[in-house]
Amino acid sequence: MPVIKVDTIEDPRLDAYARLTEVQLRNKLEPEKGIFVAESGKVIERALAAGMQPLSFLMEEKWLEPMSECIKSATEQNPDFPVFVAPHEELQHLTGFEVTRGALGAFKRPALPKVEDLLKDARRVAVLEDITNHTNVGAIFRSAAALGVDAVLVTPACYDPLYRQSVRVSMGTVFQVPWTRIGTSEECHNWADEGVALLHKLGFKTAALALTDDSIPLGSPELAAEEKLALVFGTEGDGLAENTISQCDYTVRIPMQHEVDSLNVAAASAVVFWELRVR
């Protein structure tokens with residue numbers, strides 16, 4: 001195991017951690033070169049358990065022993081696997097490092113599967129339309145993993161589930177719940193023109209979570225009776241696009257009390273996943 005001590009995060013070997021933007025890490029033009037960064041020992045452990053390919057680790061020297069099992073797993077794949085060790089004061093310059101609980105890991109970004117392959121055996125699916133908050137994306141994945149959602153689909157304009165903050169908030173469950181992108185148009189809300197049709201073709205009924213005059217309560221028996229159901233969630237504030245709602249089979253609301261009209265999308269997803277889980 002090559003432990004490589006670096007004096008500064010300006011070292012070019014640390015570009016993935018300190019300098020590359022998220023767009024550069026995703027590397028759309030050359031997906032095979034894409035990278036994502038995982039924070040904390042638990043998240044790195046889950047990434048390794050899910051078969052993600054590690055490229056390097058970065059930590060303070062004091063974390064070498066607590067991270068020994070993860071390091072061992074990585075070096076079994078590559079005997080020359082680099083573990084970079086940097087001083088505490090240098091790592092403080094990395095945004096968010098203080099909450100990483102010990103380590104950062106750079107991993108090769110996996111190729112995304114086709115929707116048809118991902119949903120082959122799925123019964124409950126979440127669709128995230130243009131959610132532009134990394135915390136919400138990560139929290140939804142954590143609820144999906146805990147409450148039995150088989151897969152998550154994200155629209156082209158939705159924030160990246162493998163963004164560092166999303167991965168951290170999800171506690172690594174983004175590696176446990178299968179996911180991919182649905183739709184090809186990055187123009188706002190146009191994913192539904194082909195995406196909802198594809199879900200119907202694959203045998204799914206679609207339920208848009210939205211407050212409309214004709215929405216039905218979440219506890220309606222016809223929802224739970226659906227064999228295959230895709231649950232579509234929109235972004236904070238604006239909610240789902242009218243174009244999306246009009247193409248879905250159901251429009252669903254969570255009944256509220258005390259004149260509260262809605263929940264945060266992450267909280268709403270947990271309620272919906274629990275209520276419509278496959279029993």
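This is a chat about a predicted model of one protein chain.

User: What should I keep in mind before I start reading this model?
Analyst: Because the model is predicted, local features need pLDDT of at least 70 and side-chain atom pairs count only at pLDDT 80 or more, while totals for chains, interfaces and linings use all residues. Residues are numbered from 1 along each chain as its sequence is written, and side-chain values use heavy atoms, with hydrogens and water left out.

User: How many helices and strands are there in the protein chain?
Analyst: The protein chain has 12 helices and 12 strands, where helices (H or I, at least four residues) and strands (E, at least two) are DSSP runs numbered from the N terminus.

User: And what share of the residues counts as buried?
Analyst: Of the 279 residues, 49% count as buried, and buried means under 20% relative accessible area, exposed over 50%, and partly exposed in between, with a 1.4 Å probe and protein chains only.

User: Which way does β6 run relative to β7, parallel or antiparallel?
Analyst: They run parallel and are joined by 4 bridges, and two strands pair if DSSP finds at least two bridges between them. L128 has V154 of β7 as its bridge partner. On the β8 side (residues 179–181), β7 also pairs in the parallel sense, over 3 bridges, and V152 stands opposite W179 there.

User: What about the handedness of the crossover from β7 to β8?
Analyst: The chain goes from β7 through α8 to β8, and this β-α-β crossover is right-handed, meaning that, with the strands pointing away from the viewer, the path from the first strand over the helix to the second runs clockwise. β6, helix α7 (residues 134–146) and β7 also make a right-handed β-α-β unit.

User: You mentioned α8, so is S166 in that helix buried or exposed?
Analyst: S166, which sits in α8 (residues 164–169), is buried, with a relative accessible area of 0%. Not counting residues up to four places away in sequence, S166 touches H134, V137, G138, D160 and P161, where contact means heavy atoms within 4.5 Å.

User: Now helix α9, which of its residues are buried?
Analyst: In α9 (residues 191–201), the buried ones are W191, A192, G195, V196, L198 and L199. They are on the same side of α9 because they cover an arc of only 155° around the axis, the arc being that of the directions from the helix axis to the C-beta atoms. These buried residues pack against several elements, including β6 (124–128), β7 (151–154) and α11 (242–247).

User: Which residues have the most contacts inside the largest nonpolar core?
Analyst: They are I44, F57, F107, L128, V152, F175 and F233, in a core of 53 residues. Helix α12 (residues 265–275) gives the most to this core, with 5 residues. A second, separate core of 22 residues includes V125, A151, W191 and F204. A nonpolar core is a set of buried Ala, Val, Leu, Ile, Met, Phe, Trp, Tyr and Cys residues joined through side-chain atoms within 4.5 Å.

User: Last one: where is S40?
Analyst: S40 is in the loop between β2 (35–39) and α3 (41–49), and its phi is positive, about 90°, although S40 is not a glycine. At 7% relative accessibility, S40 counts as buried.
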